[in-house]
Amino acid sequence: MEPVEVELAEALPTPQAKPLARVTKLALRIVPLVLLVAAVFVLRREFKGLSWDAVGKAMDGWGHLAIIAALVLAVLSFLLMGVVEWLGLRWAGAKLPWGVAVAGSFLAGAIGHAIGANLLVAGAVRARLYDRYGVTLTQVAVTTLFNGMSFAVGLGALGGGGLLLASQAELAATAIPVSLARSAGAVLLAGSLGWVLLCMVRRRPLSAFGRSLTLPAGRDAVLQLIIGVADNGIAAGIVWVLLPHGTTSYASFVGAYAVACVAGLISSVPGGAGVFESAISTLLPKAEAAPLAAAFLGYRLAYYLLPLIIASAALFGDTLLERLRKR
């Protein structure tokens with residue numbers, strides 16, 4: 001049985017590989033355009049007859065507090081990712097300073113989320129940053145997998161809990177039948193809690209399909225669940241705070257958000273652009289078109305485009321300083 005982390009480590013480029021620099025430059029030039037084009041396509045398809053003036057007026061109606069709240073939530077989400085990064089590095093046996101872990105998490109997350117192929121891209125960025133601290137590719141792979149599982153169990157628990165806690169009246173505002181919502185919610189929540197229980201009781205690696213996965217300790221799995229729920233809940237809140245008051249309850253919204261995130265991941269489209277928006281639009285048929293479209297744009301700006309630009313500029317600056325030091 002080949003460990004999953006070893007297989008991922010073998011797929012990562014070495015820190016000295018030039019393709020990583022080319023990927024970063026390509027991301028800065030292409031990905032923002034891809035996201036914007038996809039957003040425009042979705043808006044034209046899902047919101048036929050909707051004028052840009054209406055979307056602009058909806059954005060004007062946000063108010064300063066909603067904009068500040070969206071930006072603060074985005075910052076909090078990336079900080080929580082940094083906490084998971086630090087835990088993952090320690091689990092992998094690499095004890096890096098807190099600030100380094102937060103910076104590495106932000107750069108890997110901002111670029112990996114937007115480009116797609118998150119495990120490989122985020123792992124490559126981590127390998128580039130952590131090489132100077134003596135972190136091996138296997139440790140990078142372990143950290144990347146730890147982050148991925150935290151996101152997965154957190155999203156499952158958040159979405160499942162939202163679907164179970166939302167009232168029938170709240171679910172009526174969505175396109176999710178009550179029976180399906182309750183069943184899906186139970187499955188999602190059971191899967192997340194099952195992961196934690198498995199980590200608590202099983203000491204040996206988990207083997208399946210010719211691969212093996214070393215499970216984190218029960219304490220780490222609990223932290224994965226708690227932080228993952230908080231992180232995904234905060235990310236969902238970015239869209240929710242930009243919607244007009246009373247559009248939908250938070251509990252029912254996070255259920256739709258979880259489904260939309262999964263659809264975006266399965267699609268392999270960079271950032272789930274277009275697929276995510278289309279899924280939420282379908283699941284929230286009673287939401288007004290203009291405010292919903294405006295919230296999508298605000299979410300993409302605060303959680304994808306702005307972090308991507310900052311991360312790409314930071315990587316460029318780090319590369320430039322590294323070359324100057326070598327000279």
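Student: Where is the place of N147?
Tutor: N147 sits in helix α7, residues 137-165. Helices here are DSSP runs (H or I, at least four residues), numbered from the N terminus. This is a predicted model: local features need pLDDT of at least 70, side-chain atom pairs pLDDT 80 or more, while totals for chains, interfaces and linings use all residues. Residues count from 1 along each chain as its sequence is written, and side-chain values use heavy atoms, without hydrogens or water.

Student: Is N147 buried or exposed?
Tutor: N147 counts as buried because its relative accessibility is 14%. Buried means under 20% relative accessible area, exposed over 50%, partly exposed in between (1.4 Å probe, protein chains only).

Student: And what does N147 touch?
Tutor: M81, V84, E85 and R126, leaving out residues up to four places away in sequence. Contact means heavy atoms within 4.5 Å.

Student: Switching to α10. Where is its kink centred?
Tutor: On A236, with a kink of about 25°. The bend at a residue is the angle between axes fitted to the seven residues ending there and the seven starting there.

Student: Which helix holds G218?
Tutor: G218 lies in α10. At 11% relative accessibility, G218 is buried.

Student: What is G218 in contact with?
Tutor: C199 and M200, leaving aside neighbours within four places in sequence. The C-alpha atoms of G218 and M200 are 4.1 Å apart, though the two residues are 18 residues apart along the chain.

Notes:
Helices (H or I, at least four residues) and strands (E, at least two) are DSSP runs, numbered from the N terminus.
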